[in-house]
Amino acid sequence: SGSSDPYCVVKVDNEVVARTATVWKSLNPFWGEEITLRLPRGFHSLAVYVLDEDTIGQDDVIGKVSLSHQQISAVPRGEWGARRGGGQRDLSKHHGVPTLSPSAGVDSWLSLAPVNPDEEVQGEIHLELRVPERGHPRMLRCHLIEARDLAPRDPSGTSDPFARVSCCGHTLETAVIKKTRFPRWDEVLEFELMEGELGEAVLSVEVWDWDIVGKNDFLGRVEFPLDTLCTDPTRGWFQLLPFPSTTEDHRGQLGALRLAVRLVEDTVLPPHHYQPLIQLLTEPILCPGQPPEGTALAILEEVTSGESRQDVATKLVRIFLGQGLAVPLLDYLTTRELARTTDPNTLFRSNSLASKSMEQFMKAVGLPYLHEVLKPVVNRIFEEKKYVELDPGKMELSRGRRISFKGSLSEAQVRESSLELLKGYLRDIVDAIVGSVDKCPLPMRVAFKQLRRRVEERFPLARHEEVRYFSISGFLFLRFFAPAVLTPKLFRLREQHAEPRTGRTLLLLAK
């Protein structure tokens with residue numbers, strides 16, 4: 001068809017850790033997905049593979065972007081933040097107490113590189129290498145103990161691994177261990193070393209998957225200079241590495257991937273270290289008599305930039321939820337914003353700390369409620385796949401044949417049909433929301449009740465009567481229900497992104 005159905009797979013040290021949704025029929029897919037990974041400090045690389053989903057046969061690999069730990073760590077957070085453009089895609093957020101977080105990252109378009117099977121290795125091998133100090137001739141003892149987490153090369157999801165050891169022109173092999181990714185050989189292979197061979201010589205250990213038909217599959221390798229083994233015995237787990245890459249730079253022929261990676265190294269201290277900070281933050285809530293401008297929350301609100309405001313709001317909401325003070329926090333922040341607002345029509349329209357905190361609070365407290373209310377209607381829209389379009393410039397009237405056997409429909413008929421469908425979906429959504437008062441989480445109801453009272457106090461005139469309702473609907477609809485209708489995948493309402501036709505229906509419905 002001239003297009004693809006792309007999705008991404010994320011690997012850390014060649015182990016699959018995440019997968020995005022598939023974007024159907026697109027050569028310019030947008031995923032917009034945030035993935036949070038807990039990584040070991042000693043991880044080596046992060047790679048993102050772009051694949052084309054096929055309903056028949058194996059999915060095609062389009063290309064990959066690979067970033068080493070050193071590459072991600074090379075750009076300091078401050079420099080990255082100064083150079084980058086749009087919204088933040090945070091790949092590492094700490095769910096708990098505040099942390100000391102030196103951070104670094106990458107945010108740019110990166111060309112996709114072709115995928116070579118000989119470079120797709122993973123796992124580690126456990127070796128003991130020793131050259132006795134005495135004896136003539138000297139012998140190199142290579143004890144191959146075991147390997148773990150090898151790449152699966154067989155349809156069964158396993159491999160038939162054996163090890164091949166080469167040194168000074170001689171090669172020996174271990175036995176083949178069938179159907180496993182965690183072989184244990186416990187074999188000792190010995191090589192006779194001639195005095196003149198020790199200079200630049202290298203011991204090479206390769207792991208292969210044995211195949212009864214065709215050539216064996218490469219699983220990884222590791223090398224050791226012989227001169228170091230002669231002075232120091234070596235024992236431990238060693239990461240398997242690919243053959244040196246011979247792939248040419250394709251300079252974007254396979255496409256490019258816009259990727260934002262943020263690496264945060266969290267240092268979490270024992271809980272008592274955070275008590276002074278928590279006390280400082282909660283003081284204006286627990287002791288409301290002090291001047292508001294000098295509080296830590298007020299200062300934090302003043303110095304928080306637009307780019308970091310969502311992060312700050314997320315952390316604040318989590319801290320105050322942990323203290324049982326999330327609703328008083330929202331009351332404090334919204335009251336301060338009300339005091340600064342003179343035109344009620346602009347109330348809570350900006351991405352202030354109060355607005356962002358309320359948004360994060362609804363997500364933290366209300367996600368199960370959102371699912372219960374919206375999921376039945378959203379699922380029906382995905383299943384029915386109806387053609388809906390109100391914009392004459394975007395109508396494809398030939399699609400009308402799918403609606404009527406009498407031939408193509410006119411523009412007016414498509415608009416009328418679309419309007420009826422949208423009204424029907426919208427009616428069901430509004431009915432579900434209006435009928436869900438008893439299911440709405442109590443903290444959300446209390447927060448909105450307080451908000452309404454504060455708005456009434458700030459704008460008491462009769463001509464501002466509707467502001468008390470707009471202030472609540474601005475959060476509940478514009479920042480909670482409507483975004484979930486627009487992109488159900490990001491609110492975990494669906495496993496996959498909508499295909500283009502359903503996506504257009506959701507966009508019009510959200511509007």
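Q: What makes the charged end of R148 count as sitting over the ring of W237?
A: In this predicted model, the charged end of R148 is 3.7 Å from the centre of the W237 ring. The cut-off for the distance is within 6 Å, together with an angle within 35 degrees of the ring normal. R148 sits over the ring of W237.

Q: At what distance from the ring centre does R458 lie over the face of F459?
A: The distance is 4.9 Å. The limit is within 6 Å. R458 lies over the face of F459.

Q: How many aromatic pairs does the structure hold?
A: There are six aromatic pairs.

Q: Why is the pair of W208 and F218 called edge-to-face?
A: The ring centres of W208 and F218 are 5.4 Å apart, and the planes stand at 70°. Centres within 6.5 Å make a pair, and planes over 60 degrees apart make it edge-to-face. So W208 and F218 form an edge-to-face pair.

Q: What does the pair of W208 and F218 tie together?
A: W208 lies in strand β11 (residues 202–209) and F218 in strand β12 (residues 217–225). The pair therefore ties together parts that are ten residues apart in sequence.

Q: Why is W208 called buried?
A: Its relative accessible area is 14%. Buried means under 20%, so W208 is buried.

Q: Is F218 buried or exposed?
A: F218 has a relative accessible area of 2%. The cut-off for buried is under 20%, so F218 is buried.

Q: What makes the pair of F224 and F238 edge-to-face?
A: The planes of F224 and F238 are at 85°, and the ring centres are 5.0 Å apart. Edge-to-face needs planes over 60 degrees apart, with centres within 6.5 Å. So this pair is edge-to-face. F224 is in strand β12 and F238 in strand β13 (residues 234–239), 14 residues apart. F224 and F238 are buried.

Q: Which residues do ring pairs link into a cluster?
A: The cluster holds Y369, F477, F480 and F481.

Q: How many cavities of 30 Å³ or more does the structure hold?
A: One. The largest cavity has about 40 Å³ of space.

Q: Which residues line the largest cavity?
A: The lining is V327, L330, D331, T334, M358, A447, Q450 and L451. The elements α7 (326–340) and α10 (442–458) each give two or more residues to this lining. α7 gives the most, with four residues. By class, the lining has five nonpolar, two polar and one charged residues.

Key:
Residues numbered from 1 in each chain as written. Predicted model: local features only at pLDDT ≥ 70, side-chain atom pairs only at ≥ 80, totals over all residues. Heavy atoms only, no water. 1 Å grid on protein atoms, 1.4 Å probe; cavity = no way out; pocket = protein on both sides within 12 Å on 5 of 7 lines; lining within 4 Å. Points joined across faces, edges and corners; volume = space filled by probe spheres on them. Nonpolar A, V, L, I, M, F, W, Y, C, P; charged D, E, K, R; others polar. Phe/Tyr/Trp six-rings, centres within 6.5 Å; stacked < 30°, edge-to-face > 60°. Buried < 20%, exposed > 50% of the residue type's maximum accessible area, 1.4 Å probe, protein only.
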